[in-house]
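My entries follow the order in which I looked.

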2 protein chains.
Amino acid sequence: MENKVIRAALLGMGTVGTGVYKVLKMQQNEMEQKLGCSVKIDRILVRNTEKARAKTGEDPVEITDRFEDIITDPGLGIIIEVMGGIEPARTYITEALRKGISVVTANKDLMAEYGGELLDIATDNGADLFFEASVAGGIPIIQPLKQSLSANHLTEVVGIVNGTTNFILTRMFKDGMEFDDALSMAKDLGYAEADPTADVEGLDAARKMAILASIAFNSRVVFRDVHPEGITKISAKDIEYALEMGYAIKLLGVARNEEDGIEAYVCPMLISDKHPLAAVNDSFNAVFIHGDAVDDAMFFGRGAGELPTASAVAGDVFEVARNIRTGATGRIGCTCYKQIPVKKFEDTRNRFFSRMVVEDRSGVLAEMMEVLAGYKISIVQLIQKESRIKNMAEVVIMTDSVREGDFRDAMKELAKRTCVKEICSIIRVYGKTIG
Amino acid sequence: MENKVIRAALLGMGTVGTGVYKVLKMQQNEMEQKLGCSVKIDRILVRNTEKARAKTGEDPVEITDRFEDIITDPGLGIIIEVMGGIEPARTYITEALRKGISVVTANKDLMAEYGGELLDIATDNGADLFFEASVAGGIPIIQPLKQSLSANHLTEVVGIVNGTTNFILTRMFKDGMEFDDALSMAKDLGYAEADPTADVEGLDAARKMAILASIAFNSRVVFRDVHPEGITKISAKDIEYALEMGYAIKLLGVARNEEDGIEAYVCPMLISDKHPLAAVNDSFNAVFIHGDAVDDAMFFGRGAGELPTASAVAGDVFEVARNIRTGATGRIGCTCYKQIPVKKFEDTRNRFFSRMVVEDRSGVLAEMMEVLAGYKISIVQLIQKESRIKNMAEVVIMTDSVREGDFRDAMKELAKRTCVKEICSIIRVYGKTIG
């Protein structure tokens with residue numbers, strides 16, 4: 001027990017940083033008994049030192065706006081990076097790891113692009129680099145994948161990993177709201193940012209899925225490998241039909257380890273109302289996994305927020321502290337020891353839901369079915385209703401499993417037929433092939 | 001990297017032992033890259049050596065029926081105990097730990113009674129003692145509580161931790177079956193043992209809750225501290241009323257860290273159909289927790305079965321292997337550094353559901369309400385229906401939060417009144433006080 005007090009520096013004092021500071025204070029009296037040592041935040045790096053000082057009050061902590069004041073401190077054990085963004089975080093973390101200082105980060109942007117590089121630097125220098133908070137906020141998922149579940153060959157990770165879009169879809173589903181109204185409500189309640197692009201277009205979720213897929217399949221998947229698709233085109237009508245068919249619509253991050261490579265994408269999907277992910281509502285997150293030994297398992301909780309995210313960061317800080325105390329930093333590093341190719345999105349397979357407006361006359365359905373049959377697409381559910389437009393009918397189909405590219409081609413051909421007035425929506429359906 | 005191959009012994013080759021053997025074989029080719037070392041089962045202790053040999057086939061593994069052959073092997077790194085029961089498991093594990101050999105066990109009976117003692121021996125000898133598989137099968141819960149969530153002050157752990165009873169209650173709920181029929185079905189499908197007492201009386205769940213409460217609240221809770229109550233008295237009618245009121249009935253293990261002590265009990269409870277635990281069906285398990293930082297979180301998966309349980313055991317074995325490789329065994333030992341008293345069951349508080357047959361005449365409800373008011377019990381829901389018995393009515397009440405002992409006294413007094421013919425059921429209701 002050489003290190004009774006482990007000194008730490010906090011980079012960033014925004015929402016998460018403030019939460020980490022609070023949580024470590026809340027744990028102050030128990031740390032020593034819990035860990036055999038204690039962790040003390042000694043230095044904080046911020047842009048606005050006065051704002052930070054208002055949060056730390058009388059605490060004897062050095063607040064600075066120069067990273068040099070942090071990295072030249074010879075006795076630092078842990079650097080906690082909660083600034084977000086690629087730079088300067090990447091440079092700071094690299095410098096810290098090169099000095100053998102362990103790092104805890106909540107930075108999904110960085111880990112989804114440069115995770116492999118940074119983990120290698122950590123390993124080369126015998127340091128820890130932990131990032132539990134970068135995915136699904138407070139939910140323990142990275143550590144369970146790397147440890148408790150490590151004796152599994154995992155074949156699937158499916159997550160609701162963006163709280164903003166889950167809140168919006170829940171309101172559309174439960175209250176029949178349209179997307180724009182639900183987005184406004186999310187903004188009013190602080191669930192959506194002023195510029196919600198990264199959330200509603202699936203980019204935030206794609207970053208998290210890159211990180212999850214890398215860990216689950218022991219093969220590096222980066223942000224650009226994950227096909228992102230958002231929820232802006234989902235309408236209340238689609239949700240109504242889904243409900244009628246026994247499905248919810250969720251923005252799912254899907255990562256599959258198939259025989260011919262890894263599939264990784266984010267898109268709105270219909271999911272059976274019997275699946276546990278379908279019951280994950282409001283701003284909650286959940287990650288569902290399947291492994292050869294554990295079978296199905298799911299992790300559910302708060303995907304964001306000051307204290308839940310800080311819970312994950314502080315849990316990592318405690319792990320580093322235990323490793324420092326026992327001389328075991330670097331115990332778990334990068335686990336990507338395979339090189340599995342990532343499949344093109346057009347080569348993935350799913351079932352599809354599509355809503356169309358077509359001419360209301362005999363022979364139209366037959367023509368549509370013939371086009372689909374040309375691409376070997378079979379239909380498992382079909383609903384036809386009168387349209388509000390004169391002489392038009394609304395047709396909703398659900399297909400059996402089909403290759404993405406083939407379905408796209410079939411839809412292009414359908415769109416050219418004069419009997420098809422509009423293809424209103426195309427949404428994938430999560431789940432195994434029927435029959 | 002001194003220990004390229006870590007030699008292990010397996011005690012027991014029943015369902016879980018066979019699973020562990022299989023899973024380690026399945027991981028054989030990846031272990032070295034995953035862990036920086038590999039684990040090899042070199043010795044197996046069983047009562048029937050021929051039966052075990054049939055399972056290991058041509059593998060060069062020593063099979064013995066004498067523990068001496070195991071414990072005298074000087075190079076063993078890990079002992080995996082999957083025999084179950086208190087003795088001889090307790091003696092064997094004690095001997096192994098005293099020699100500094102790390103132990104992984106799936107033994108809930110043992111850990112729920114002697115966990116504290118064994119963890120102390122492990123710490124004194126610098127060895128690991130891991131037991132993820134002792135609670136909720138394949139679901140990672142012990143490790144996340146000790147690591148990812150360790151920066152939380154946890155106030156509640158609620159679990160569906162017995163698959164047999166959850167299967168029975170699901171059949172009663174979904175198919176309207178009575179308890180006895182659902183139990184027969186569970187036996188036919190292999191979900192219930194020939195003697196189902198430990199499951200249906202809540203004893204198995206109580207053991208698991210003792211383990212979970214100890215870890216969650218950092219204070220030792222043993223099996224006899226947990227009040228157990230089973231599901232044998234639940235009838236299809238209770239479930240029907242629960243459904244009508246917006247509730248499911250689940251066998252819940254509840255552990256709460258209240259200001260005046262720890263509450264720990266297992267009993268069937270009504271739970272709002274909006275709560276994520278209400279959707280945990282069939283033989284699945286789930287553990288729901290609440291902490292000051294993480295807020296709500298839930299862990300869901302397979303609570304039993306050969307491979308899911310083996311997933312947890314093998315995950316622990318990998319953790320020990322990592323610790324041996326980095327010289328960090330004993331890194332996480334007993335985390336019970338507090339001594340919080342466990343409250344008497346009669347001092348716990350809950351809402352209650354009760355179904356009664358009463359005389360069908362004016363003044364009866366008033367008399368009942370008066371009795372309840374005498375104990376300051378207020379009613380939040382009441383349903384009265386005609387009874388099949390002449391001149392009788394069936395009354396179902398749901399109360400606000402009340403002390404267990406007070407509610408019992410009130411019911412005793414009600415039972416004495418001539419207007420009350422029968423108190424058919426008393427079931428607690430999970431969840432916060434209304435109003």
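The notes below take the numbering first, then the sheets, then a helix pair.

I am working with a predicted model, in which local features need pLDDT of at least 70, side-chain atom pairs count only at pLDDT 80 or more, and totals for chains, interfaces and linings use all residues. Residues are numbered from 1 along each chain as its sequence is written, while chains are lettered from A and ligands numbered from 1 in the order in which they are written.

In chain A I found an open sheet of 6 strands, ordered β3-β2-β1-β4-β5-β6 with parallel pairing (strands are DSSP runs of E, at least two residues, and helices runs of H or I, at least four, numbered from the N terminus; two strands pair if DSSP finds at least two bridges between them). Its edge strands, β3 (62-64) and β6 (129-130) of chain A, each pair on one side only. Within this chain, β4 (residues 76-81) and β5 (residues 102-105) pair in the parallel sense over 4 bridges, and A:I80 stands opposite A:V104.

In chain B I looked up β1 (residues 5-11), which runs parallel to β2 (residues 38-45) and is joined to it by 7 bridges, with B:K40 as the bridge partner of B:R7.

Back in chain A, the axes of α14 (residues 364-374) and α15 (residues 404-416) come within 9 Å and cross at roughly 150° (axes are lines fitted to C-alpha atoms over the stretch in contact, with angles from 0 to 180 degrees between N-to-C directions). The two helices α14(A) and α15(A) are therefore roughly antiparallel, a label for angles over 145 degrees.

Key. Parallel < 35°, antiparallel > 145°, perpendicular 65-115°, else oblique.
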